[in-house]
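Please read it with the coordinates open.

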Amino acid sequence: MTHTKLNRQKLLNLLAFFLLILAAVLFCVALLFQDPTFLAHYDDIMGRLAEFEYKVATIPYKGLVILVILLIYLSKAFLPLPISAICVIAGMAFQTPYAILINIVGFSLLSAIKYFWGKHLGGGIVHKFLVKNEGVRRVMNADMKANTILLLAFRLVPSFPINTISQVYGAMQFDFKKYLLLSVLGFLPKLISYSFIGRNVYDPFSMAFILPIVILLLLSGLSVFGINAMIEFYSEKSKSKDSDKK
């Protein structure tokens, strides 16, 4: 059995284990809702959340709130702030369509800053680490189509840092307009999901809150499989070309 097959087997086993854990957690939650004591505490929490929702909805100076959210996005270029939290904050403060628009603008600003950072200062340590990996290096040295698909996949996977990928693509001198469009398109499912989560955070056990999380997990899992398949495909393709030259 090859090393690639072993890695794929480990990944599938990990995914299966995660699904079993998730099923167990959901079963435990269902059992909790049968307990009258838990239901009483739940009603109390929901009452507090309703009060908090009203306070957020009646905040004056919405323009100032938008400015603060965008400044937080800009701060993420230099500070390790979780973008999911920023998106959720926008969803909590605004109706979902407005929150999505604000998050798109903020994400675009952040992506642009780190792109030009990488273009002028290089991709940093992570770029050097990526090119040391034979499979990733072969993909990055492949045609433009490969890097385009890889960028979309990177934006879908939550474990790949936004700033790092932006900096790497800036260092690669990837076309900026295409980079920004692909980045927004690739990250849009997460921006939408986080915005919905923020809007429905006042009812954390509702389907409107849980469903976006499930969608995020599904997209993340599929994109991980996609990246693995793509790296393997271009590695084999590049190896066959090298063998033909010999």
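**Notes on the helical model**

1. In α4, the buried residues are Ile 83, Ile 86, Cys 87, Val 88, Ala 90, Gly 91, Met 92 and Ala 93. Buried here means under 20% relative accessible area, exposed means over 50%, and partly exposed lies in between, with a 1.4 Å probe and protein chains only. Because eight of the 11 residues of α4 are buried, this helix is largely enclosed by the rest of the structure.

2. The model is predicted: local features need pLDDT of at least 70, side-chain atom pairs count only at pLDDT 80 or more, and totals for chains, interfaces and linings use all residues. Residues are numbered from 1 along each chain as its sequence is written, and side-chain values use heavy atoms, with hydrogens and water left out.

3. The protein has 11 helices and zero strands. Helices (H or I, at least four residues) and strands (E, at least two) are DSSP runs, numbered from the N terminus. Of the 246 residues, 34% are buried. Among contacts with a separation of 6 or more, 74% are between residues 24 or more positions apart; a contact means heavy atoms within 4.5 Å.

4. The largest nonpolar core has 25 residues, of which Ile 69, Tyr 73, Ile 83 and Phe 107 touch the most other members. Such a core is a set of buried Ala, Val, Leu, Ile, Met, Phe, Trp, Tyr and Cys residues joined through side-chain atoms within 4.5 Å. Two or more residues each come from α3 (62-75), α4 (83-93), α5 (96-121), α10 (176-199) and α11 (207-245). α4 gives the largest share, seven residues. Another core, of nine residues, lies apart from this one and includes Tyr 115, Leu 151, Ile 165 and Tyr 179. In soluble globular proteins, nonpolar side chains tend to be buried together.

5. Leaving out residues up to four places away in sequence, Phe 107 touches Tyr 73, Ile 83, Arg 155, Ile 162, Ser 183, Val 184, Phe 187 and Leu 191.

6. How do α3 and α4 lie relative to each other? Their axes come within 10 Å and cross at roughly 170°. Axes are lines fitted to C-alpha atoms, for helices over the stretch in contact, and angles run from 0 to 180 degrees between N-to-C directions. The two helices, α3 and α4, are therefore roughly antiparallel. Angles under 35 degrees count as roughly parallel, over 145 as roughly antiparallel, 65 to 115 as roughly perpendicular and the rest as oblique. Lys 62, Val 65, Ile 69, Ile 72 and Tyr 73 of α3 make the contact with Ile 83, Ile 86, Cys 87, Ile 89, Ala 90 and Ala 93 of α4.

7. α5 packs on α9 (residues 162-171) at an angle of about 45°, with the axes 6 Å apart, which means that α5 is oblique to α9. On the α5 side, residues in the contact include Phe 107, Leu 110 and Trp 117, and on the α9 side they include Ile 162, Tyr 169 and Ala 171.

8. Gln 173 sits in the loop between α9 and α10. Its phi is near 60°, a positive value in a residue other than glycine. Most residues other than glycine have a negative phi. Gln 173 is partly exposed, with a relative accessible area of 49%.

9. Leu 181, in helix α10, is exposed at a relative accessible area of 53%. The C-alpha atoms of Leu 181 and Ser 108 are separated by 8.9 Å, with the two residues 73 apart along the chain.
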